[in-house]
Structures are given as C-alpha cells and as structure tokens.
Protein chains: 2
Amino acid sequence: MHNTARIYAVGVGPGDPELITRKGERIIRSAKVICAPTGAADAASYALSIVGELVDPGRQEILTQTFPMMKKGAELEAAWEEAASQVIERVDRGNDVVFITIGDPLLYSTFLYIRRIIQQRRPDIPMEIVPGISSVSAAAAAAGVPLGIAGDRIAILPATYEDYELRRTLKEFDTVVLMKVSRVFDRVYSILQELGLTGKGVFVRRVGSDQEEVVRDISTLLGRELDYLSMLIVKK
Amino acid sequence: MHNTARIYAVGVGPGDPELITRKGERIIRSAKVICAPTGAADAASYALSIVGELVDPGRQEILTQTFPMMKKGAELEAAWEEAASQVIERVDRGNDVVFITIGDPLLYSTFLYIRRIIQQRRPDIPMEIVPGISSVSAAAAAAGVPLGIAGDRIAILPATYEDYELRRTLKEFDTVVLMKVSRVFDRVYSILQELGLTGKGVFVRRVGSDQEEVVRDISTLLGRELDYLSMLIVKK
C-alpha cells in the first residue's frame, strides 16, 4: 500500500480486545515493530496486554517503552526523547512502527508527547493515527448513560480543577465527564450536593478491564480509597 | 452466550468499514435482525452502507427504518414508536436485534430516542451498547489535532448556540468541537476572529467517507455553502 516506512498510532480501546477496530487489528498484525508504553520499568504494559493475541514476538519486535509515572520535567522529557529516537531509528531501517495506546491516541495519551518530538525532529516521516474507543465512550456504554442527545453540550475535564471552575461547568453543560476523580471525589461530591446533582452522577472504574465497576449510588463512595483509573459522568 | 433474545446498539464508526470494532463485527454478523436508520423513505441508510460487506440478506432480516429528517414533534415521535414496536416484536420471537448507528450510539444518535421508548415499554428486554468510533475522534485523527493533552478541558457542542455562549466556551476551554457548523460558519468565524483564534480552527467535512476533507485555512470557507455533515475543531 505504501513504499516508505511510517509510524502508526493505534488506539486499542479501553481494555477488551474485542473493542480494537478492524483497522487497528490489521496494522498491529502487519507492522514489524510494536511500541508499548508502560509506567514503570518492572511493570507490564496494559496496552500490550490488550493486543496480546494479535502480536507475534517471533516475527515482530515488541519494544516496551517506560514513561515513569509520577515523574515530571527532565526525566520524563528524556524518556520521550529516547522513545522517539528508538522509533526514528527503526523507521530509517525501513520498518513500519506502531505505537499502541489505551483508548484513543488523541485523547490524553502519552503518544502525543512523542509525536510532538518526532514531528519536530523528522517532519518527513509519515504518521497515521488510527482512532480508538476512548475510555469516555466505553464508560458511557458500560453505564448506559448517553453522552449527548440532540443539542446537548458536553464537557470533559480533569476533576482536579478549582471548585469554582467545576461548579460553573456543572451548571452550564448538559453532560460533564470528570476524569481522574479518585483523589478529589469527596470534594466533587459536595459540589454536586450543592447543585442538587448527586443523583445524576455515575462512577465508572477501570472500564473495559476485568475489574470494571459501575456505581450508581455515588454516596457509597464517600471517604473510600478509590481507583486511580476512574471517572464520573454527570448527566442532567 | 445467552438464552434470552436481546437488543444491541452497535456504533459502526464514521464511515470506513475498517473502523468497526471486532465486537461490532461479530455481533452484526451473528444477529438475526439488523435495524438500519435512514432519513427519508427513498434514501439508502448510510450506516447500512458501512456494514454492507458484513451482512447477509439471505440469512438476516435487514430492516430499514425511516426517521424523517427535518420533521419534528408528532411525526418523528410516531416513527420512533413504530421502530420500537418492530424491534420488540422481533425480540419476542426470540431473535437478537442489532441497531446500527453511525459513530457512537451514545453520542447524538437516533438510537437514544428509540432506547428511551423501549426502556419505558419493555424494561425486561436486555440491551447492550457496543461503543463505536465517534465522528469527533475520527475528525481529530483525520486532522491530526489532539483533542486533549494532560490537563486539557474539552467541550463538544452544536455551533448553533448563542454567540455569548460560544464565546465563553471558546475562552474557557482548551479544545472546542463545534458540531453542525455548516449553517452558522460565518458567524462562528467572526467570533474566532474577535478572540484571535482563527488560526487554531480546523474544519472537517464528511469524515470517514469518500468525500472527507480537512480544511486548515478556514478563511477560505467564508461565504461558501458548506456540507451538513461537518464540524470545526478549535485547539488552542
């Protein structure tokens, strides 16, 4: 289909291997190199576990790339630069490289940082993005909550914003998806209470994984230690 | 896998049959009845054209359901009620029914109206939603524009809202996706101009179809007749 080696970013969806697209499957099966991100050098890549049955280590190079979670600044920057170098080297040898990302590559993924570096260093390398099922779509499906009907306005944002910003967004939008809600849940709950919206919130943890859980009575979550990978959908 | 007949809503993505998920493909191939929406009695179903190669009219019933575009109120309500009755009748005969929807079933789809009716009339019928690649994800991928990086705030809304609401949303959010932008483009452009954001807008029409087009210099669109199926992504 093409003569020049290129980079693909394939969104592999939230966890269920059946939520990979047919295009994603084809590209993952055919590429010479698969780059899989992980948060710690000794940890398995979640994205790689999703595509496990599609790859063949005998025929493909599986390159696990570590992006230390909780690290900031120079150390993380160095990890991105190194990952970009590994990719460029393989493309220059004539091999297609696939980055696999959880969810959708354009929605809060690590790939976006590496993409920026590669675009700066080697704008000549063709890059194709294959969209994936985002954790937002998957959580809405698991919870059976519409994201938007007819003329609805939808907001997606980290729950860690200031109270007054969350309050305003919750007032103005028909649907609000709060990402990374685990650490600030009690604070978010009290804002919902103030706005009379506690009954409109649905909590979804680890969507698409074996530990997926949907909680409709969100008052039961107060004071609890919550999973890092969780979100709250508030639908008026 | 299950003994009772059920309803599936399968998002078939924006147009490219390869952007159907593996799960969507499996369910579409195996169901006895496929419901495909169309906007006019004499028009083909776009969703059906996407899944064309997966269905077999010799083995499956293909039920095209008309939801007259541009109609409102009683007439449209009657079309939804009729569609719901057709589905319930087939489930009661023991057949799985699949609704196919363009994009994602939970993001601005006609299925949501029929779902509401079925849930009221027959809450006992199991309904499973299979998420699909939304036109928003697909347009971002086609344009190569990130929807959100790190702590970004994202808003998705119809471009037909009042000027002051559009202006406020464009000021406050990092990414704004304006749906149904065709009829109000010139008005939206002047708001972007006022906010110094014209260079941040990317226009995408008919994403996923043969007529897909990405326009980066959006000033060229001024005064033109634009496609109904188009959106504008503004990424700061």
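Q: What makes residues such as A:Tyr8 and A:Val10 contacts of A:Val98?
A: Two residues are in contact if their C-beta atoms, placed from the backbone, lie within 7 Å. Leaving aside neighbours within four places in sequence, A:Val98 is in contact with A:Tyr8, A:Val10, A:Ile27, A:Ile28, A:Ala31, A:Val33, A:Ile34 and A:Cys35.

Q: How far can the coordinates be trusted, and what is the mean pLDDT of chain A?
A: This is a predicted model, in which local features need pLDDT of at least 70 and side-chain atom pairs count only at pLDDT 80 or more, while totals for chains, interfaces and linings use all residues. Residues are numbered from 1 along each chain as its sequence is written, with chains lettered from A and ligands numbered from 1 in the order in which they are written. The pLDDT is the predictor's confidence in each residue, from 0 to 100; its mean over chain A is 94, and 98% of the residues of chain A reach 70 or more. For the complex, the predictor gives an ipTM of 0.95 and a pTM of 0.95.

Q: Which residues have the most contacts inside the largest nonpolar core, and what makes it a core?
A: A nonpolar core is a set of buried Ala, Val, Leu, Ile, Met, Phe, Trp, Tyr and Cys residues joined through C-beta atoms within 7 Å. The largest has 144 residues, and A:Val98, A:Ile233, B:Val98 and B:Ile233 have the most contacts inside it.

Q: Why is strand 10 of chain B called mostly covered?
A: A residue is buried if 20 or more other C-beta atoms lie within 10 Å of its own, exposed if 12 or fewer, and partly exposed in between (C-beta atoms placed from the backbone). In strand 10 (residues 230-235) of chain B, six of six residues are buried. B:Ser230, B:Leu232 and B:Val234 point one way, B:Met231, B:Ile233 and B:Lys235 the other, and all are buried. Strand 2 (residues 33-38) of chain A is also mostly covered, with five of its six residues buried.

Q: How do you know that strand 8 of chain B pairs with strand 10 of chain B?
A: Strands (E, at least two residues) and helices (H or I, at least four) are DSSP runs, numbered from the N terminus, and two strands pair if DSSP finds at least two bridges between them. Five bridges join strand 8 (residues 201-205) to strand 10 of chain B, antiparallel, with B:Val202 opposite B:Ile233. Strand 7 (residues 175-179) of chain B is joined to strand 10 of chain B by four bridges, also antiparallel, and B:Thr175 stands opposite B:Lys235.

Q: What makes strands 3 and 5 of chain B edge strands?
A: The open sheet of five strands in chain B has the order 3-2-4-1-5, with parallel pairing. Strand 3 (61-66) and strand 5 (127-130) of chain B each pair on one side only. Inside the sheet, strand 1 (residues 7-11) and strand 4 (residues 97-101) of chain B pair in the parallel sense over five bridges, with B:Ala9 opposite B:Phe99.

Q: How do you know that the copies meet through the same surface?
A: 100% of the interface residues of chain B are also interface residues in chain A, so the copies meet through the same surface. The contact involves 33 residues of chain B and 33 residues of chain A.
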